[in-house]
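Please keep the structure open while reading.

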Amino acid sequence: MSQETGLQEVPDEAGEEHVQVEGGIVAELERMTPEERAEHEAEVAEVVAPDREIAVGFGETLLELREVTVRFGGLVALDAVSFGIRRGEILGLIGPNGAGKTTCFNAMTGVYRPTSGQVLLEDRPLGRRKRHQITRLGIARTFQNIRLFGEMTALENVVVGTDARHRTSVLGALLRGPRHRREEAEAVERAMALLEFVGIADRAADKARNLPYGYQRRLEIARALATEPKLLCLDEPAAGFNPAEKEQLMGLIRKIRDDGYTVLLIEHDMRLVMGVTDRIVVLEFGKKIAEGLPAEIRDNPAVIAAYLGVPDDGAA
Amino acid sequence: MTSARNESRRPHLQQLGEWWNSLPRTRQWLVLIPVVLLIYALPVLNPPILSTEPGTNFPIACFNAARFALIALGLNVVVGQAGLLDLGYVGFFAVGAYVAALFTSPDSALAKLPYLVTLPLAMVITMFFGVVLGTPTLRLRGDYLAIVTLGFGEIVRLLATIVPPLKGQVGFQEVGHPPGRLPDGSLIFASSNGTPWYWLVVTLTIAMLMLVGNLERSRVGRAWVAIREDEDAAQIMGVPTFKFKLWAFAIGAAIGGLSGALFAGEVGFVNNQKFDVPTSVLFLAAVVLGGSGNKVGVLLGAFVVSYVPDRFTELANYKYLIFGLALIILMIFRPQGLLGARQRLLAKGREAYQRLIGRPEQVSSESALAAESAKGVGA
Ligand SMILES: Nc1ncnc2c1ncn2[C@@H]1O[C@H](COP(=O)(O)OP(=O)(O)O)[C@@H](O)[C@H]1O
Ligand SMILES: [Mg+2]
């Protein structure tokens, strides 16, 4: 694994610290020539890329919402919403505050059960599956209000994500069996690559709650990617970012898609969504009011009406 | 004022932690082995500054401290690692003690087993109790779980009083002990002789420490901490939370049962008198005092909670008052306990951090806390 990634081999014996290059990979990267760096980044992207079977081909519907309704008492947060996400695309989910975007994520990831309607992944209904089972089926998400494991380091947070695919039993861990050791080594390898991929490897050893805000947002993405999802759902990942940071993040999202993931993106900032998404679904008051290519959405009178007078995130 | 106090103490602890963290593993062992030998030698050395005599026999005091350490270690899995507030832990301790008594005491109608066999048996049976209690209750969260476990502790005690074969206050005499006699024909594991018992408990505690450490640096330990930090997020990241909470409960229960059986063996007598709620709270105090979630911390907390009343016998009657005040003061100035919670959760973590950024991980929560309190002062 380490040969593949070009990561430096470390002898297992004690005294390993003395063999180390000062500063580790992160510092080494600084010293690389642009070509070497590009090569390293390609290797990292290779480790991060999904290598699991996906039942649907490129462009076919990966996930489908069918007439999904979510009710909270008298409030209808989602009203018979239907749309599909195609494999390999970046789908934007937009709408004014309170439109039901997060609720839509919650209905997809098992946080809430739809009052009626169905969510289908690769044509199979999610039904009454538990949240962790849905994750294993291949839907991962980030949270609008960051929810990291604050006392864990960045690397540990990501490894928790990789654990979604692990099978070590309690007994295996207790006795440090061969599977445990193999999974631990692979998990750390993949988690380190993920941290590099999202660009926060230099703070891998810091507790999540001590990380700067932008790093926390990126760590959420790395942790979700670690579960090897078929579909990655990002809930306002650029909230609170300045325009330059937003632009960088959109670059990352494109990179994730180019690496072979399907992305569902909630974003408030219209301009940004237009630039990065392949298609857009618009919600207002729990109803889908439009669906189409970014250019169509921009000119759609219903969408313009919904957004009129609603300040975008940058101003809020 | 508070931050000034923190500041003056921070560097020492932090430096110690960082120094330890930066040592290669072989060097850590070189430091650890003499420390462990010293711990084993403690009851024989009976150092004057530490001695609890004449108030309490020193080897017995050592045994008590070691027993508390084992209990704290088990309770820490439940409370410290998985974040499940368990106020009925004494119930598991009691079950373990009764298992040892029922299978070894001549007062019991059950078949007799060798005492050493009752130790693993006590673990298995308490583990079963842990699963039975956990299955319906671990769907509850926070305060509800605390109340239900509190009830469990009381139920065990009441059953010991009410159910005739458990003999209530009369109890069981002559509970078994490990075999072996000294050259002069006296028992090695006599109740009056704390030293061999102490060695037995220390050995078992070290074994448990290593096993729990293995769990900590695996997906099991990570699942526990993830549940403690944010149960919903853990579920969504693919952690089967119920399963791992149940495991935490079962493993904690097994260690509690083991210490109960050891306690029964050393004292040689078991009745319904020693398994009340205050004892449960005392166990919890050991964990919180030392640093919930930190294995070394809870051992330290257990030592303090057990040693102080044995050493200062005139204060023993006020121990709940003293520990209560100590906890309140601690919660104000150092809410993470004497040693903050910082567990390593990766089997290959050291190498990974070293390779990636060329330095070890952040060990203490100190800097963060200092930053927070500084902000608080500034605001
Ligand atoms: N758990 C809940 N209980 C009651 N109402 C909720 C709950 N979650 C969301 N809502 C309501 O549902 C509506 C949609 O919310 P949400 O999906 O968060 O909107 P957004 O599009 O801004 O993400 C809002 O009116 C919100 O108040
Ligand atoms: Mg939202």
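This is a predicted model: local features need pLDDT of at least 70, side-chain atom pairs count only at pLDDT 80 or more; totals for chains, interfaces and linings use all residues.

## Contact, ligand shell and helix packing

In the contact between the two chains, 55 residues come from chain A and 41 residues from chain B. On the side of chain A that touches chain B, the elements that give two or more residues are helix H2 (16-19), helix H3 (24-31), helix H6 (131-137), helix H7 (154-163), helix H8 (170-174) and helix H9 (178-198) of chain A. Sorted by class, this side of chain A holds 21 nonpolar, 16 polar and 18 charged residues.

The next site is the ligand shell. Ligand 1 has around it Phe72(A), Leu75(A), Ala77(A), Gly95(A), Asn97(A), Gly98(A), Ala99(A), Gly100(A), Lys101(A), Thr102(A) and Thr103(A). Strand E2 (75-86) and helix H5 (101-108) of chain A each provide at least two residues of this shell, and the largest share, 3 residues, is that of H5(A). By class, the shell around ligand 1 consists of 4 nonpolar, 6 polar and 1 charged residues.

In chain B, the domain assignment gives domain 1 (55-347) and domain 2 (348-379), and the C-alpha centres of these two domains of chain B are 32 Å apart.

| Helix pair | Axes | Angle |
|---|---|---|
| H4(B) (residues 89-104) and H5(B) (residues 115-137) | within 9 Å | roughly 140° |
| H4(B) and H6(B) (residues 143-162) | 7 Å apart | about 30° |

For H4(B) and H5(B), the axes cross at roughly 140°, and these helices are therefore oblique to each other; H4(B) passes H5(B) in a right-handed crossing. Here Phe92(B), Val95(B), Gly96(B), Val99(B), Ala100(B), Phe103(B) and Thr104(B) of H4(B) meet residues of H5(B), including Tyr115(B), Leu121(B), Ile125(B) and Phe129(B). The contact of H4(B) with H5(B) has 10 nonpolar and 5 polar residues, with no charged residues.

For H4(B) and H6(B), the packing angle is about 30°, and as angles under 35 degrees count as roughly parallel, H4(B) and H6(B) are therefore roughly parallel to each other. In this pair, Val90(B), Gly91(B), Ala94(B), Val95(B) and Tyr98(B) of H4(B) meet Phe152(B), Gly153(B), Val156(B), Arg157(B) and Ala160(B) of H6(B). The contact of H4(B) with H6(B) comprises 7 nonpolar, 2 polar and 1 charged residues.

Definitions and conventions
Residues are numbered from 1 along each chain as its sequence is written. Chains are lettered from A and ligands numbered from 1 in the order in which they are written. Two residues are in contact if their C-beta atoms, placed from the backbone, lie within 7 Å. Helices (H or I, at least four residues) and strands (E, at least two) are DSSP runs, numbered from the N terminus. Ala, Val, Leu, Ile, Met, Phe, Trp, Tyr, Cys and Pro count as nonpolar, Asp, Glu, Lys and Arg as charged, and the others, Gly among them, as polar. A residue is near a molecule or strand if its C-beta atom, placed from the backbone, lies within 6 Å of it. Domain bounds come from an automatic or database domain assignment. Axes are lines fitted to C-alpha atoms, for helices over the stretch in contact, and angles run from 0 to 180 degrees between N-to-C directions. Angles under 35 degrees count as roughly parallel, over 145 as roughly antiparallel, 65 to 115 as roughly perpendicular and the rest as oblique. A crossing is left-handed if the near helix is turned anticlockwise from the far one by less than a right angle, and right-handed if clockwise.
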